[in-house]
Amino acid sequence: MDAGERLALASVAVNILVTGLKYFLGVFSGSLALLADAVHSSADVISSASIWAGIKLSRRKTKGFPYGLYKVENLAALITSGLILLAGYEIVRSVLWASERVRAARLPYAIFGVIAVGLILLSFSRYELKRARRLNSPSLEADAQHLTTDLLSSCIILLGLAGTYFQVKLPLDRVAALVMVVLIVRVGVKIAVDAIRVLLDASLDFKTLSTIRDIILELPQVSEINALTGRNSGRFKFIEADLALRVRELEKAHFVVNQIENRIKTRVPHVDHILIHYEPMRRETRVIALPVTEDRMRLSEHFGEAPYFLLLTLKKGNGTLLEESWLFNPFQMEEKGKGIKVSEWLVSLGIDGIIIPKNYEHKGPYYVFSDNGVEMRQTDGRSLSEIKESLIAAPETGSRSKGTTYG
Ligand SMILES: [Zn+2]
């Protein structure tokens, strides 16, 4: 049994105890207000029992309800708010219209009895409210608020009994009742509004959303958050994010997304489900690399031995040449594996494409480029100016795929 269920059962027990005490005190003292309040409390036993059933039911996930029945708790809270408002109405009725035929000799005992009931309600409702907030349970929080309103009605009855005992002429109980009914209506309406908001999928609060936003942006691979939304369901939160990632491989993207999910789940309490859609970062430019000969006029036949690389930055779409930069090949003189070293170096510079001479076959660089999503284009031409012209005419081919992961 989880903490929520235990707390709900404790509330059922407290309500049974309070009902019994009120009934006994009502019969013993002859106070109609106390008897009416005992009837009210017996309805509360049913209300807290239905909250317990709601919590039990809400944890089930079935094929018919794949998102869980968490909102059963919000429904229970909504029903409880109705009972709270009813309790307010009953206070008004018992104070304004009940005629007392109390036995004066027994009044002091009844007054002490009502004080005892009040103390039980006070201590348990405080305890339940604190625990319910820690558990993030809307129905238990509503139950705790309900017990607080019951405490208020005990106070009214106490005032009434004391007024009768001391034969006060002022309608103390009526004035107090009016103030308390206002408080009760406020609590009842707030619980109802909160429950209805969750039932209608209102957004998570601003503070939680901005905490989640900060957690996502901590990862350097995230370039942008396109959209971030979240909602409550019972005591749980559901989050959806649409991200642009600075990652080209699907596996790396998946890894980043898993990291985001774990960080959110460890740092934001009560998150049930996170859905992240991701796509590659949208860039305005494309960088194409070319291996070039010593005279800087022609495409080099040998990739690893090329003395220079020309990096062209082209604007996406129309292919306007924005920047040209010449780089000296730092691995030209290496003994072994210069092809791989050069290709890894170019990838680290963030190139999007590479132009290689036709019939050039070298497995190492080929794998490095394809693993990192660098487009390889083979060409017949060897003249640098011709290749540049054709590139500007057709700056890109194909597009990258998008990915979605569930967690
Ligand atoms: Zn009640």
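How many residues of domain 1 are in contact with domain 2, and how many of domain 2 with domain 1?

1. In the contact between these domains, domain 1 contributes 13 residues and domain 2 contributes 7; two residues are in contact if their C-beta atoms, placed from the backbone, lie within 7 Å. Helix H3 (residues 72-97) supplies the largest share of the domain 1 side, 3 residues. Helices are DSSP runs (H or I, at least four residues), numbered from the N terminus. The domain 1 side divides into 6 nonpolar, 5 polar and 2 charged residues. Here Ala, Val, Leu, Ile, Met, Phe, Trp, Tyr, Cys and Pro count as nonpolar, Asp, Glu, Lys and Arg as charged, and the others, Gly among them, as polar.

2. The model is predicted: local features need pLDDT of at least 70 and side-chain atom pairs pLDDT 80 or more, whereas totals for chains, interfaces and linings use all residues. Residue numbers start from 1 along each chain as its sequence is written.

3. The chain is assigned domain 1 (3-199), domain 2 (206-280) and domain 3 (285-393), with bounds from an automatic or database domain assignment. Between domain 1 and domain 2, the C-alpha centres are 41 Å apart.

4. Helix H7 (residues 206-217) packs with helix H8 (residues 250-267) at an angle of about 140 degrees, the axes being 9 Å apart. Axes are lines fitted to C-alpha atoms over the stretch in contact, and angles run from 0 to 180 degrees between N-to-C directions. The contact involves Ile212, Ile215 and Ile216 of H7 and Ile260, Arg263, Ile264 and Arg267 of H8. By class, this contact has 5 nonpolar, no polar and 2 charged residues.

Definitions and conventions
Helices (H or I, at least four residues) and strands (E, at least two) are DSSP runs, numbered from the N terminus.
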